[in-house]
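Hi there,

Here is the structure I promised to pass on. Have a look at it first, and then read my notes below.

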Amino acid sequence: MSHNTTSPLFDRHDHRSAMTRRDFVKVGTIGFLGLSLGMTDLLRMQAAFAGEGVKGAQAKSVILLWMDGGPSQFDTFDPKPNAPSGMKSEFGAIKTNVPGLEICELLPEMAKVMDKVTLLRTMSHTEGAHERACHTLLTGWNPNPSLVYPCMGSVVSKELGGVGAMPPYIAIPGSGFAFGYAQAGYLEAAFNPFSVGGDPNNDKFSVRDVALPGGLTMERLDERRTLLQAVDTAFKRFDNTAEARSRDEFYQRAYDMISSPEAKKAFNIQEEKKEVRERYGRHTFGQGCLLARRLVEAGVRFVTVSHGGWDTHSDNAKASKGRLVPPLDQGMSALIEDLHQRGLLKDTLVVCMGEFGRTPQINPLAGRDHWPNTGCAVFAGAGVPGGQVIGQTDEKGADPKDRKVSPQDIATTLYAKLGVHSDKFYTTPQDRPVKIVDGGTYIKELG
Amino acid sequence: MKPFLGMRAAFVLLPVLAVCAGLGIAAPGREQSLSPTTMAAARKPTPVSLTNDVLPVLTKIGCNQAACHGQQNGQGGFKLSLRGWDSAFDWEQIVKADNGRRVFPKNPARSLLLTKPTGQAAHGGGVVLPKGSPEYRLLLRWLREGMTAPGDKDVYLTELLVTPGERVLPRPGIKQSLSVTARYSDGTSRDVTKLAHYQSQNDAVAAVGADGQITAKNPGESAVMVAYGGEVETANILVPYPARTPIKLPAAAAAAAVNASYIDDLVYRKLAKLGIALSGRTSDAEFLRRVYLDVIATLPTPDEVRAFLRDTDPQKRAKLIDRLLDRPEYVDYRTLRLADLLRVNGQHLSEEGADTYYRWIRDRVRKNVPYDQFVREVLTGRGSTYRSGPANYFRVAGNPEELAETTAQSFLGTRIACAKCHNHPFERWKQSDYYGMAAFFARFGKKGGPEFGEEQVFVRRDGEARNPRTKQVIKPKFLGGAEPTIDPDADRRAVLADWLTAKNNLDFARVAVNRLWTDYFGKGIVDQPDDFRVSNPPANAPLLDALARDFITHNFDVKYITRVILNSETYQRSSEILPGNVKDERYFSRAYPRRLPAEPLMDAVAQVTEKPDRFGAYPPGWRAIQIRDSRIGAYFLEVFGRPKREILCACERSPQPNLSQSLHLINSGNLNNKLAADDGRVARLLRRFEPWAPAARDKRIVEEMYLLTLSRYPAKPEAQILLTHIARAKDRRKGFEDALWALLNSEEFLFNK
């Protein structure tokens, strides 16, 4: 045994024979801290895992914070302060509330909640184009020339359905990101996300068309609904086509939402106290995070908050410091803290990622280009251990040195947290049987 | 890791052993036998070639896949070009890189190139090459011969022959072997069946093993892609549906077809091959609504519906098509579709540029300028973006690479972006194709002014496209075609335009007619219309070719070919689903119902309610289909999937339904105000029929509402549903508002069926 048994992280467990999952998880952190373990120890710990399958559902909901365009790992969660010039980030690294863990100085608020998250520094795949990478990350499948796969939110909608009048899958501020891959793909359109369709930071923000317009009463709307059903039934329908079924489903959900006071309340972000709104940050992303928390409280299964503009082929540092990282820092840290304080973090999984990382080399336009070899993702809640780092990259931040995690692994884990089996088969409209995820292994470090 | 297939094969790729291939399995359909040239080549051993022998082996055993050494940064320090596309690079990597550590010339068998894949040395990818196998011996021979480097004078692959090219497999379970022959520039050919890479487009129809053996699985059609040495071909496999009734063209429909056309014949042949039944003909009312919405994006008025249904002229459908093609709304709608294609967006062109571009397109459509001429004018645009429409083409896409991608995708339906960084892994596009196209756009320049936001496009005498790695100049090369000789004073863009739009370039016409077909059927013969590739073959290739030839013969006359399409029985087929065509979503055995696109739907609501919308600074009465600049819009248009004209993709227009659409139609203040307005449809109808006797009056108003929204008379029970509601309503006018609301929200209104 070559590691330091007096480490505070190990003071309660010094009997190797009684190693638990928690210890193993900590070993990941130890590895990051630069301590080393012998091969036999690792094997022993892996043996302690054997036979331990994926737990039942640990999460009721997922909040996906989607960094559209591919965030720079250097200017967020994998700073390389010793990288050579031409590669080194303009920003330094700061300490966090986890000893030995440093992140970019643009993330001071996240630094205070790192004890509640697991940081993955070796998210790795081979798709270097946005649309292909978005498809891979959001669906768990590499792009296929003849099929668009359903994204995770759509699969979760199908598997778990909604709670009450709330749609199961909601996109904030809208679903127009990731080249349209945050959609139902080959599944019926009924599993497409509901777009809130506005900026929650706007003082007049409300979800359109949920409140009855002037001159209309609920009673009259009910009458209209009955009338429409009669009109539709009298007409020879399209023989139960997917289009017709999706439309019926959306009409049903629309009526549910219009007639539900709870739904209107969930979207009413103005109810929040001023301090709370400010803690999340008065910008689209921060208020999106706050709205996501309200929606999860109301039973929504899958909420995506997208934060775009990370495709920094030029002026990466300027964009990072300005419009990109500070809102992320404020919004995500507030969300984790708030969910924790409300006791919601234990059954809400928060995932933050984009389609890929960015090049270590800074290009002539002061930008960073696409880099699928490695990138960062952050996980919190639903049994995910805090203060942990999975994987480390080489000194340039260019390649994983160990523990590569694939998009398929991430999708498999996300589904497992919700109790969805990712090796289940769906049938495409062409009667082709396909698994929900193309392989993938549960990321055991995520608890 | 894929199973290693060469293992069972005792015969191999080497020319010297090629004669053994003649012992290949005598499988059904295998027509290929060794040609004399192959035999000749086989007798005379030639040095092992990296490009033609070694890399195909590395590809087959998976070394240079995107998941292994073929990835962007290599694997374990060893990087190969993706699927062996760059043999010069691979030679460097294998022989020279890292001080030549991968080869050991003194004792070739101890080279890492052999000891790693055979598992003699630790290898993260495992054992992929059995020691002593024919493939192993081939690599060894290359090493022993001194690792010949690829050179310019090397023999190269010219053609891939796949037999059979098409096969009907009558029942699931039936197997078919493929035979693949590679032809080389020196006239030799070689059986590469064991080395080619196979992929089925739809493995639920036809599964393919790594040895090229196909097994029919379920009824349908699937192309099997065969890739080898950078070339791609397909074998088309059909598995017919068990026909419940004999498939034949309904005699009545055939007789009724005024312009009985080749379209129907070719569609029918394909359906017969697959055993898919044909639905019947649309009723007059269904046809009327469909053709109005498709051609002029406008609902027929109640008077137009009545007149058409009353008309007994057997030619009335053809005559209606002619009338619609002459209406100004046809010009509006066709201009809208072209403005989508060319991405007329003030965000990038400024307001005046977008306006100039739009007005130019509209003028060309109004004059029915032949499509080849239209495209030539676009590609050679120059001058001020505020004076000349086509100059804006060079602003939407602003540099040679973007222009190459845009031109290939817009007019050849081909997505070549992958080839910017490497040869396309599964298609025939090579990096030289990409930069060869870019080279046509290397000699134009832009300068700002004189007005704010204005730009001048001009042609220069210098400028070249360069390979991004070697920095070598790449000469202009037609996509998938020749390198033309170009006069230094010539506008390279004009040379490209002439080749593109030439009458012998069938691809240009195919893409053009397929776009038109997509406009009128909601689905292309190739779907999506900008995704032509070997691995996405047309649903009906003879049909696409016949249309393309007809279009060329008629000098790219858009109205002519549109007329041919609209007059076909295929266009006029009902959407009724029969037991024999339930599964058909591809071969046009029936019409596929489509939700109205955003702009026509919004206009239809305005037309029905008689309450037009206002768009930006456009004058009152301006319709959504007439909006010039995609920045101008409305929430309605956004929610129903109007494209922003930001990205180069036909998929930007979304036909998808979503919850926001339902909420908006059910509950928006906008729609409710239109229904309740004193100068709106409901109030006007009530006033108009006020003098009538009460019983006749309400019935007539309901009839008008049906004609307005659904372009047909209500059936008795349908009218009764609305009349009962109105009779019960406390407020009669509100009762009618509810009735019109229900019609506007009905499935039949929202869809073009």
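Let me start with one residue pair: Ala227(B) stands opposite Val232(B), which belongs to strand β10(B). This is a predicted model, in which local features need pLDDT of at least 70 and side-chain atom pairs count only at pLDDT 80 or more, while totals for chains, interfaces and linings use all residues. Residues are numbered from 1 along each chain as its sequence is written, and chains are lettered from A and ligands numbered from 1 in the order in which they are written.

That pair sits where β9 (residues 220–228) and β10 (residues 231–239) of chain B run antiparallel, joined by nine bridges. (Strands are DSSP runs of E, at least two residues, and helices runs of H or I, at least four, numbered from the N terminus; two strands pair if DSSP finds at least two bridges between them.) In chain B, the order β2-β10-β9-β6 gives an open sheet of four strands with mixed pairing. Because β2 (166–168) and β6 (197–200) of chain B each have a single partner strand, they stand at the edges.

Now for two helices. The axes of α8 (residues 284–296) and α10 (residues 316–325) of chain B come within 10 Å and cross at roughly 25 degrees; axes are lines fitted to C-alpha atoms over the stretch in contact, with angles from 0 to 180 degrees between N-to-C directions. That makes α8(B) roughly parallel to α10(B) (angles under 35 degrees count as such).

Finally, Arg732(B) lies in helix α28 (residues 732–744) of chain B. Arg732(B) counts as exposed because it has 12 C-beta neighbours inside 10 Å (exposed means 12 or fewer, buried 20 or more, and partly exposed in between, with C-beta atoms placed from the backbone).

Enjoy exploring!

Key: Angles under 35 degrees count as roughly parallel, over 145 as roughly antiparallel, 65 to 115 as roughly perpendicular and the rest as oblique.
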